[in-house]
Amino acid sequence: MLSLIAPKGRWVLRDRVLALLDIYRKVPKDLTQPTYTGAVVSIICCVFMLFLFLSELKGFIATEIVNELYVDDPDKNSGGKIDVSLNISLPNLHCDLVGLDIQDEMGRHEVGHIDNSMKVPLNHGYGCRFEGEFTINKVPGNFHVSTHSATAQPQSPDMTHLIHKLAFGEKLQVQNVQGAFNALGGADRLSSNPLASHDYILKIVPTVYEDLSGKQRFSYQYTVANKEYVAYSHTGRIIPAIWYRYDLSPITVKYTEKRQPLYRFITTICAIIGGTFTVAGIIDSCIFTASEAWKKIQIGKMS
């Protein structure tokens with residue numbers, strides 16, 4: 001008998017000890033009083049919590065773009081090269097006369113670059129659209145569209161033009177990243193002096209974009225200043241050209257795609273629920289206390 005009763009007593013003792021540790025004490029139902037005010041506060045509280053929950057959920061699902069600046073060459077595996085994509089229309093210059101020349105401070109001097117390039121006749125053959133992809137060294141230099149590579153130089157070359165695209169590095173189109181990756185896109189010089197040369201001074205800024213998976217894409221933004229002039233020397237007027245003179249900035253811009261961690265989302269939701277219930281309880285208690293006091297005052301006046 002004793003061996004059977006003893007285990008039962010230990011269970012009872014354990015339950016009592018656990019009950020003493022309960023910090024969430026229950027209020028008997030006969031000591032609580034539902035009110036219309038409490039119902040209204042509860043409904044408003046639930047709607048408010050739902051709104052905050054949906055707002056936090058939207059923020060948790062969405063990604064955030066964080067940017068930083070540092071001094072470095074991010075794309076060390078490029079071999080010291082930068083990919084360039086150029087698309088330009090010269091409506092008054094024949095395709096046989098259009099050429100691309102590349103020069104830089106490492107001694108490169110290439111006249112009439114033709115690799116990965118295409119010329120499309122415009123205006124029934126009187127004009128030309130030049131599209132080319134080429135590489136440049138990561139040193140100051142220039143590339144220019146001119147008639148220097150033509151077998152015979154025209155008497156009056158017309159260098160009026162429209163730039164459709166000038167971009168460096170990988171194509172980077174991210175919705176939340178607004179940068180000058182094609183700053184000269186849409187530049188219209190069709191109404192300029194036909195005999196004038198055009199200088200575009202470019203400051204190229206390396207740009208890195210890292211997505212959630214850690215994959216990096218390397219691109220380049222650039223700022224631009226330009227001038228238009230007719231050049232002369234002691235032998236007469238110099239053949240006009242469209243110059244793109246570039247230099248690289250040592251500062252790299254990095255965009256990192258991040259998402260709010262799960263533990264922070266859970267912490268925020270708990271704070272919303274706990275805080276809303278606490279504030280709503282204080283408001284309901286104040287209203288109820290004030291209502292009861294008002295009732296006692298009215299009863300005292302009537303008596």
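This is a predicted model: local features need pLDDT of at least 70, side-chain atom pairs count only at pLDDT 80 or more; totals for chains, interfaces and linings use all residues.
Figure 1. The chain splits into domain 1, made of 11-61 + 261-299, and domain 2, covering 72-250.

**Figure 2. A look into the largest pocket.** The space here comes to about 330 Å³. Counting the residues around the largest pocket gives a lining of 17, and those nearest its centre are Lys 165, Ala 167, Gly 169, Glu 170 and Lys 171. Which strand gives the most to this lining? That would be β8, with 4 residues. Strands that each supply at least two residues are β2 (81-90), β6 (127-137) and β8. Sorted by class, the lining of the largest pocket holds 6 nonpolar, 6 polar and 5 charged residues.

**Figure 3. Where β8 meets β10.** Strand β8 spans residues 162-169, and strand β10 takes in residues 216-229. The two pair in the antiparallel sense, over 2 bridges. Zoom in on Gly 169 and you find Ser 219 of β10 standing opposite. Gly 169 also turns up in the pocket view, as one of the residues nearest the centre of the largest pocket.

Figure 4. How many bridges join β9 to β10? There are 14, and the two strands run antiparallel, with β9 covering residues 197-210. At one of these pairings, Ser 197 has Tyr 229 in β10 as its bridge partner. Between the two strands of the hairpin sit 5 residues. In the turn, look for Gly 214, whose phi is positive at about 90°.

Figure 5. Is Thr 147 buried or exposed? Its relative accessible area is 0%, so Thr 147 counts as buried. Setting aside residues up to four places away in sequence, Thr 147 touches Leu 93, Leu 97, Gln 153, Pro 154, Pro 157 and Ile 239.

Figure 6. Leu 195 sits in the loop between β8 and β9. Its relative accessible area is 28%, so Leu 195 is classed as partly exposed. Beyond its neighbours within four places in sequence, Leu 195 is in contact with Ser 156, Pro 157, Val 230, Arg 237 and Pro 240. Pro 157 is also on the list of residues that Thr 147 touches. For a sense of scale, Leu 195 and Ile 102 lie 93 residues apart in sequence, with 22 Å from C-alpha to C-alpha.

Figure 7. Find Asn 116 in the loop between β4 (109-110) and β5 (117-122). The backbone is the thing to check here: phi of Asn 116 is near 55°, a positive value in a residue other than glycine. With a relative accessibility of 63%, Asn 116 counts as exposed, because the cut-off for that label is over 50%.

Figure 8. What is the phi of His 124? The angle is near 60°, again positive in a residue other than glycine. His 124 has a relative accessibility of 82%, so this residue counts as exposed.

Terms used: Residues are numbered from 1 along each chain as its sequence is written. Side-chain values use heavy atoms; hydrogens and water are left out. Buried means under 20% relative accessible area, exposed over 50%, partly exposed in between (1.4 Å probe, protein chains only). Contact means heavy atoms within 4.5 Å. On a 1 Å grid over the protein atoms alone, a cavity is a set of points where a 1.4 Å probe fits but cannot get out, and a pocket is an open set with protein on both sides within 12 Å along at least five of seven lines; lining residues have an atom within 4 Å of a point. Grid points are joined across faces, edges and corners, and a volume is the space filled by probe spheres set on the points. Ala, Val, Leu, Ile, Met, Phe, Trp, Tyr, Cys and Pro count as nonpolar, Asp, Glu, Lys and Arg as charged, and the others, Gly among them, as polar. Two strands pair if DSSP finds at least two bridges between them. Domain bounds come from an automatic or database domain assignment.
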